[in-house]
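Please view the sequence and the model before reading on.

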Amino acid sequence: DKRSKSTMTEEEKAQEAIFEQAKNLCTHPSQKAVVTAVRAEYHLSQGRAELAAKYLAQCPAILEPFADTSVRLALPMLNIDDPQSYGGSALARDALKSNLPLITYLS
């Protein structure tokens, strides 16, 4: 697939709209945090690791502990194959071989 990872397809745009709609229905910050965490996992599974890292950074530590998330984003880059770190998604594993997701998360 040669399309740019920074360009969203119509399907991805529709998915983003669904996440926004879900977030707008939330009445408590904890509910919004869960939507954000799910959104991060969705983007990671689709190989959009930098966008996933952006959303992971917005999650409270109770959902995404800093140390755990940092290690999770670093393992594939270090050639440590831990399917749990990328949810078994080949797209996520490949996207996490770069250090950009970790840099995005830490920024």
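Is Tyr 105 buried or exposed? Tyr 105 has a relative accessible area of 8% and is therefore buried; buried means under 20% relative accessible area, exposed over 50%, and partly exposed in between, for a 1.4 Å probe and protein chains only. The model is predicted, so local features need pLDDT of at least 70 and side-chain atom pairs count only at pLDDT 80 or more, while totals for chains, interfaces and linings use all residues. Residues are numbered from 1 along each chain as its sequence is written, and side-chain values use heavy atoms, with hydrogens and water left out.

A pair of aromatic rings is described by the distance of the centres and the angle of the planes. Rings of Phe, Tyr and Trp (its six-membered ring) pair if their centres lie within 6.5 Å; planes under 30 degrees apart count as stacked, over 60 as edge-to-face and the rest as tilted. By this rule there are two aromatic pairs. Phe 19 and Tyr 42 form a tilted pair, with 5.7 Å from centre to centre and 55° between the planes. Phe 19 belongs to helix α1 (residues 10-25) and Tyr 42 to helix α2 (residues 29-45), 23 residues apart; helices are DSSP runs of H or I with at least four residues, strands are runs of E with at least two, and both are numbered from the N terminus. Phe 19 and Tyr 42 are both buried.

Phe 66 and Tyr 105 form a stacked pair, at 5.8 Å centre to centre and 20° between the planes. Because Phe 66 lies in helix α4 (residues 66-74) and Tyr 105 in helix α6 (residues 100-106), this pair ties together parts 39 residues apart in sequence. Phe 66 has 52% relative accessibility and so counts as exposed.
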